[in-house]
Amino acid sequence: MNLRQYLAAKDYKDNPGRLAEDIIHLVFLVLGLVAVGSVLVITVYLVVSGLPAILKIGPVEFLFGTRWASTAAEPEFGILPFILTSIYGTAGAIIIGVPIGFFAAVYLAKMAPGKVRKVMELCIGVLAGIPSVVYGLVGMTILVPGIRILFGVPDGATLFAAIIVLAVMILPSVINVSLTALQAVPREYEEASLALGATSTETYFRVSVPAAKSGIFTAIVLGIGRAIGEAMAIMMVAGNVANMPSLFTSVRFLTTAVASEMSYSSGLQREALFSIALVLFLFIMLINAVLNVLKTGGKSR
Amino acid sequence: MIERISGKRRTWCGFMKAFCYISLALVTLLTGFMILYVLFRGLPHITGQLLLTVPSMLRNTIGILPDILNTVYIVIATLIIVLPIGVGAAIYLNEYASNRKVVEMIEFAAETLSGIPSIIYGLVGMLVFCQFFSLGTSLLAGALTLVIMNLPTIMRTTQESLKTVPESYREGAFALGAGKWRVIRTVVLPTCINGIITGCILAIGRILSESAALLFTAGFAHNLNGFIKGMSSAGATLTVALYVYASERGEFDIAFAIAAILMILTVIINLLTTYMGRLMKRRNGQ
């Protein structure tokens, strides 16, 4: 069907109202596609501006090189320290943050009296809403000196400080998503377990939690996404030196590597920063894919 | 009953419960500590001079009036642009779309957008808006970047409230002979205005707390401008100013004063969203 036939079938001349309706439909379709367009633009821009440097430097040297000296006379662009820092930092945040978030969510979903739950919902909302630079600021003034004194290291701005800040920052999303999943567990499951003689605590942990498993995994993966993408807060507490990561050294994450050099970068260094962003983007896409699998898996059950 | 439970089971239950209480206490203490500490360190430094003047090299004083105005400008600009797009997209998904593939594609895109870290938005915003559209480092470029970041939020909240509009409202209006657009404009949208407002509040919260995406797109100048001039020139929002004062200039008192302002705004925004949520629940219950 070509355009003329289509227009004839629609009979717009005699139905100006229909023409208006169809135009409005089209406008809304275009507005809906803005999100799709944005994703495409972001992907294309990151690939186009990130790939050249990777190819110039060599994928292996770029990804597995252990030295980053972008402004040296003979610059080296190895981002393994950043990748490992991001992975260690995220893992640390998950190890500390997820258990706290998980137990808090179980309590809030199953045991908390109404008043406590209302207050806690506000607390979690505030925790989620606090700007990341404020976390960074508090980390800078309390955590960094605290770690220096407590562990006797020369500088408290370390991976450890970043891990703690990240653990706090992922708490709200871990709690909220697990809470929703736990609340969605059918009451009958729990009643059956109680009727069989399990105590209420046993019921919550052995029946409700397994039933909400996919939701809780989603919460963890979401937490990973948050932690790996955070930039400003950890830039203020992690010291920002391109070391191979260990708990009490000053480190640089993938995000902070981009943020800290962007403003004065040029040439290959600038291109390499875009390549780092591309690597970060791939990590995020991987996490998104896992989230999607979890979601469809949860639905089909 | 309790007596017949074996000791092992009882200890297990006790431990689990204890973990729950400890975790909850930690979360509460942490929130309380963050709020009180920031207010305690920041409030004494919030003075009229800080709020109402521009930074002056001559008198060696710091004022955050330009940053406050920049924040207001960027919030207004972002909302003006993101609202029609986000609400429109939600309306398309909920009212018009008949092709499942298209719906899935748009929803997938929105989800992807909400997972992308702000530093990447900052970079791409810089490449696309500052360089490709040659807006330069300006509040407008920052606002456009924030539009894309907040699009999923507005879409989701609007869509959720569109779903709660009873089908009978639409059918009633159709039965009276109204066209689709008229039904949406006069029946559906007014019914879901609360959801759109909630989306706006959430978006304002995100814009207030955003820093990484704005650092490269909106820059960090502290000039006092009107709205139109301000949009086309670089400027720091409160969060960016906080970062600059704390990290690069070591002015912790100023940073904490800004942090206190942001903290108060965060609490207000949360109270508002909770209130809106209750309002919507009550109305849907009726």
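**Contact between chains A and B, and local features of chain A**

In this predicted model, the contact between the two chains draws 62 residues from chain A and 70 residues from chain B. On the side of chain A that touches chain B, the largest share is provided by helix H2 (residues 16-57) of chain A, which contributes 19 residues. When that side of chain A is divided by class, it comprises 45 nonpolar, 15 polar and two charged residues.

One helix pair that spans the two chains can be described in detail. Helix H5 (residues 114-129) of chain A and helix H1 (residues 7-42) of chain B have axes that come within 10 Å and that cross at roughly 55°.

The largest nonpolar core contains 188 residues, of which Val165(A) and Val237(A) touch the most other members. The greatest contribution to this core is that of helix H7 (residues 159-183) of chain A, which supplies 19 residues. With neighbours within four places in sequence left aside, the contacts of Val165(A) are Tyr135(A), Gly139(A), Leu143(A), Ala233(A), Ile234(A) and also Val237(A).

A further residue of chain A, Leu80(A), belongs to helix H4 (residues 80-111) of that chain. When residues up to four places away in sequence are not counted, Leu80(A) touches Leu63(A), Phe64(A), Gly65(A) and Thr66(A). The C-alpha atom of Leu80(A) is also separated by 7.7 Å from that of Phe62(A), although these two residues stand 18 residues apart along the chain.

Helix H1 (residues 3-10) of chain A, finally, lies largely in the open, because the number of buried residues among its eight is zero. The residue that follows H1(A) is Asp11(A), which has a positive phi, near 55°.

Conventions: Residues are numbered from 1 along each chain as its sequence is written. Chains are lettered from A and ligands numbered from 1 in the order in which they are written. This is a predicted model: local features need pLDDT of at least 70, side-chain atom pairs count only at pLDDT 80 or more; totals for chains, interfaces and linings use all residues. Helices (H or I, at least four residues) and strands (E, at least two) are DSSP runs, numbered from the N terminus. Two residues are in contact if their C-beta atoms, placed from the backbone, lie within 7 Å. A nonpolar core is a set of buried Ala, Val, Leu, Ile, Met, Phe, Trp, Tyr and Cys residues joined through C-beta atoms within 7 Å. A residue is buried if 20 or more other C-beta atoms lie within 10 Å of its own, exposed if 12 or fewer, and partly exposed in between; C-beta atoms are placed from the backbone. Axes are lines fitted to C-alpha atoms, for helices over the stretch in contact, and angles run from 0 to 180 degrees between N-to-C directions. Ala, Val, Leu, Ile, Met, Phe, Trp, Tyr, Cys and Pro count as nonpolar, Asp, Glu, Lys and Arg as charged, and the others, Gly among them, as polar.
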